[in-house]
Amino acid sequence: MSTAADIDCLVVGAGVVGLAIARSLAMAGREVVVLEAEAGIGHGISSRNSEVIHAGIYYPQGSLKARFCVEGRKALYRFCADHGVPHNRCGKILVAASEDQRAQVLAIQKKAAANGVDDLRLIDSHEMKAMEPEVQGVIGLHSPSTGIVDSHALMLALQGDFEAHGGAIAFNTRVAGGEALSGVVRLRTEGEEASEITANHVVLASGLSSPRIARSITGLSPNTIPASRFAKGSYFSLARRAPFSRLVYPVPEPGGLGTHLTLDISGRGRFGPDVEWLDTDDERTIDYRVDPARAAKFYAAIRRYWPGLRDDELTPDYSGVRPKLSGPGEPDEDFLIQNDRVHGVRGLVALYGIESPGLTSSLAIADHVAQMVLQS
Ligand SMILES: Cc1cc2nc3c(=O)[nH]c(=O)nc-3n(C[C@H](O)[C@H](O)[C@H](O)COP(=O)(O)OP(=O)(O)OC[C@H]3O[C@@H](n4cnc5c(N)ncnc54)[C@H](O)[C@@H]3O)c2cc1C
């Protein structure tokens, strides 16, 4: 006989992914509560990123990243337009700064086409100069469907829809662990009101801490939990108005997309994120301060495609940490979304490694996870 649950669906984590999933479930008519450790939404990775709506050009064909990025991008533009979320389809140029990077750019164009990104256009150095006079390169790819979004406004809009459909968020409620009971999942929480709560369905969308929480759920097969690796990315902002109207990216580097220029909604320019592998796999010990000494590498990387960057123009800004499922020198892993068929706990969906393009993909991930829940 199965135990009666306190609630139908619990989502752990009120980042952009957890909020999008909670919204989809609430809009499908389910009873949903989000458990969030912090006092507000979006205190995790979702407020420490580049805020870029990616086109979907980098990811291996057939991967969840490729699929969700392309689907999610289209859904996100629609959502932003419908909900008045500030965004700008400003486009991006991917630059081969020297002849030895030409082949990499051509390979990226091929990969993008395989992923269904059919609007990329190869541009020569003259056209690049006409579009972005300060950018230097031998060849480039113009991606017109890349854009930027105000990520906090996006999360507020998701929260608004969720609450309008009867959902609620319990803040200051940290999930410490849980167990599989017959037919339900029981979670233990600590914080303002430490307690236990059971649900028919639990979605673990807790970003950097998903593997650690999963390890504390009795009944969940431990060998299905990926080892997590953290790769910090620091940003430096530009002291003057950015002389660009599009995003400018170098060719990708191992672990990240290269030290690129992004613009925020107000037109402020910032560079980053770089890649710094951390020694810890405990998100509670992360130091988010940006080390000013990293600036030297930024100047060198940026001047390869923007020689006009002057000395002393970069100021340490913020940093974010990527929840990686592979380590230095290893190929990037795909998003990992597991249900009971993989880990053995009926009713639980666990998300791991939701790094970039997780913001762009959030609505597509939400559809996918909601289907898993609704069909189980
Ligand atoms: C440097 C960097 C740049 C990026 N740039 C981009 C980009 O330009 N475009 C893009 O598409 N993607 C980008 N990403 C990826 C994107 O930001 C993430 O994929 C996305 O924000 C992940 O959202 P999330 O909801 O899974 O995680 P989070 O935002 O981290 O949310 C998890 C939530 O769970 C809560 N939580 C944690 N532990 C517990 C617990 N025990 N109990 C209860 N709650 C808990 C946290 O407080 C947090 O609110 C970038 C990522 C990084 C690190």
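This is a predicted model: local features need pLDDT of at least 70, side-chain atom pairs count only at pLDDT 80 or more; totals for chains, interfaces and linings use all residues.
Local features are given where pLDDT is at least 70 and side-chain atom pairs count only at pLDDT 80 or more, whereas totals for chains, interfaces and linings use all residues. Residue numbers start from 1 along each chain as its sequence is written.

The protein is divided into domain 1 (7-48 + 152-226 + 333-374) and domain 2 (90-145 + 228-324), with bounds that come from an automatic or database domain assignment. The centres of the two domains, taken over C-alpha atoms, are separated by 31 Å. Across the boundary, 11 residues of domain 1 are in contact with 11 residues of domain 2; two residues are in contact if their C-beta atoms, placed from the backbone, lie within 7 Å. The side of domain 1 that touches domain 2 has 5 nonpolar, 3 polar and 3 charged residues. In this classification Ala, Val, Leu, Ile, Met, Phe, Trp, Tyr, Cys and Pro count as nonpolar, Asp, Glu, Lys and Arg as charged, and the others, Gly among them, as polar.

The ligand lies between domain 1 and domain 2, because both give residues to the shell around it. Of the 41 residues around the ligand, Gly 13, Gly 15, Gly 44, Gly 207 and Gly 358 come nearest; a residue is near a molecule or strand if its C-beta atom, placed from the backbone, lies within 6 Å of it. The elements that give two or more residues to this shell are α1, β10 (173-180), β19 (314-324) and α9. Helices (H or I, at least four residues) and strands (E, at least two) are DSSP runs, numbered from the N terminus. By class, the shell has 17 nonpolar, 17 polar and 7 charged residues.

Helix α1 (residues 16-27) packs with helix α9 (residues 358-374), their axes coming within 8 Å and crossing at roughly 40 degrees. α1 is therefore oblique to α9. Axes are lines fitted to C-alpha atoms, for helices over the stretch in contact, and angles run from 0 to 180 degrees between N-to-C directions. Angles under 35 degrees count as roughly parallel, over 145 as roughly antiparallel, 65 to 115 as roughly perpendicular and the rest as oblique. The contact of α1 with α9 comprises 12 nonpolar, 3 polar and 2 charged residues.

The axes of α1 and helix α5 (residues 151-164) also come within 8 Å, and cross at roughly 25 degrees, so α1 and α5 are roughly parallel to each other. Residues of α1 in this contact include Leu 19 and Met 27, and those of α5 include Leu 154 and Phe 162. The contact divides into 10 nonpolar, 2 polar and 2 charged residues.

For helix α2 (residues 64-83) and α9, the axes come within 7 Å and cross at roughly 95 degrees. α2 and α9 are therefore roughly perpendicular to each other. Their contact has 8 nonpolar, 4 polar and 2 charged residues.

Cis peptide bonds run from Gly 272 to Pro 273, with omega near -10 degrees, and from Ser 356 to Pro 357, with omega near 10 degrees. Pro 273 is in the loop between β17 (269-272) and β18 (276-277), and Pro 357 in the loop between β21 (348-352) and α9. Glu 51, a residue other than glycine, has a positive phi near 60 degrees.
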